[in-house]
Amino acid sequence: MFSWLGRQAGGRERVGGVDTVQTVTGGLRSLYLRKVLPLEEAYRFHEFHSPALEDADFDNKPMILLVGQYSTGKTTFIRYLLEQDFPGMRIGPEPTTDSFIAVMYGETEGSTPGNALVVDPKKPFRKLSRFGNAFLNRFMCSQLPNQVLKSISIIDSPGILSGEKQRISRGYDFCQVLQWFAERVDRIILLFDAHKLDISDEFSEAIKAFRGQDDKIRVVLNKADQVDTQQLMRVYGALMWSLGKVINTPEVLRVYIGSFWAQPLQNTDNRRLFEAEAQDLFRDIQSLPQKAAVRKLNDLIKRARLAKVHAYIISYLKKEMPSVFGKENKKRELISRLPEIYIQLQREYQISAGDFPEVKIMQEQLENYDFTKFHSLKPKLIEAVDNMLSNKISSLMNLISQEEMSMPTQLVQGGAFDGTTEGPFNQGYGEGAKEGADEEEWVVAKDKPIYDELFYTLSPINGKITGVNAKKEMVTSKLPNSVLGKIWKLADCDCDGMLDEEEFALAKHLIKIKLDGYELPNSLPPHLVPPSHRKSLPKAD
């Protein structure tokens, strides 16, 4: 399939002047149109599961979907990332966001209402038209020239309330809309308020709509500065317990704890924790453009597997239908026997149970169809998808790997993402191994008198202690040998197998850094090199 690839100077793949990243997108689109789409159309996949993919679905930027109950800070979270307001933004303690808002990049600031948005072929929202005016009147695209939005798009969703009344009053199937977005976004962020951990019925149903997309889900415990450390421990435990009842996965979901808005912290006891968690979340979001091609490939594989299973189900129902009499009775019987049919198909075609659609939903949908109008099994269509999964996908993965190696790392930039990458407020600046980087005096010197007293109890010879004597003192830290071994390599600046008093002080300083919970550097930073050893080190080119 990829014989048309040619390598150009500079290590980037090009096809007729098109960069590799576009080639990967083109390869995905081609596989879908030639291999998967014919199978979907033959067995009405689009009516049962998901509309056909369009060009915009392959070309669009990575998207993040924010979901949460009202007043958990979804809109404020977007404002925090962008560091500016966006059209349609409303923030308040009451339910303010009653619409889905797609926040995207645009050369000029403005908004597009839902009905106009779903006819725009350049936007990946055309298939949302099937949810009707009740939804489209509550859907809009907010565009603005923000640096962050050059790399990602963000979908803000209405705040979820409790009770059946709210679900009915929307006028459209809220969970179906969420499921549509979940299949197409790169991240699903569930926001919780530290004071509101109850998962309402609608929120529970919304989370269940993300079935099969568990790898995309991240959880943010917002407004965590409004509780003290003891309360935060209890809140975190309660959140994990609540999520465990709703999301049935063996893995523990990643929960980011913090206060994601540009206001002073109400409780600063956990400032360092909040900063570390924010950096972890930022790194996860920043990696999305780099992983976008892999995500689209992964989603295509999921879709192809589901399309295959759907074809087996539909063709089986067609085969079992009588040709003349008793069609309705047989239809009812087959629908009631659907769980047994699933098991039979699993055994016959060696399919995993996890690849089958949910039984209850499938039974409800089948009520509306005439089984005699379904198609029989077409082996050639199945073989085409099997061939794609077994051969073509691996070729495309190799192409993606080449693209990642040949292109510079793509990271989300601008807004809040730039606030912690420059100057003294980047993560860990002035802490751990980075402490003292701006100071003229050697940072170890302030504690050196204490370290010197220990040094002279270890029987130095000609101003140095042996490795055996140094070990006696270093193991009192109770750090594992693998860590102490790394500290020894960093501290023994002249590599003579012994430590002078400055090297010993450095070793004790590095031990303290590790015991304080910081990571050790891979190589010794210039500001930590003992003064007497600085001249002996080779100068940088």
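1. Helices (H or I, at least four residues) and strands (E, at least two) are DSSP runs, numbered from the N terminus. By that rule, the chain you are looking at has 20 helices and 13 strands.

2. A word on the source: this is a predicted model, where local features need pLDDT of at least 70 and side-chain atom pairs count only at pLDDT 80 or more, while totals for chains, interfaces and linings use all residues. Residues are numbered from 1 along each chain as its sequence is written, and side-chain values use heavy atoms, with hydrogens and water left out.

3. Of the chain's 541 residues, 49% count as buried (under 20% relative accessible area, with a 1.4 Å probe and protein chains only).

4. Which loop holds aspartate 492? Look between α19 (481-491) and β13 (498-500). Aspartate 492 is buried yet has no salt bridge (a side-chain nitrogen of Lys or Arg within 4 Å of a carboxyl oxygen of Asp or Glu). The nearest side chain of opposite charge, lysine 464, is 6.5 Å away. The aspartate 492 side chain does reach the backbone nitrogen of glycine 497, at 3.0 Å.

Technical notes:
Buried < 20%, exposed > 50% of the residue type's maximum accessible area, 1.4 Å probe, protein only. Lys, Arg positive; Asp, Glu negative; His and termini not counted. Polar contact = N/O pair within 3.5 Å; in protein donor to acceptor, adjacent residues only side chain to side chain.
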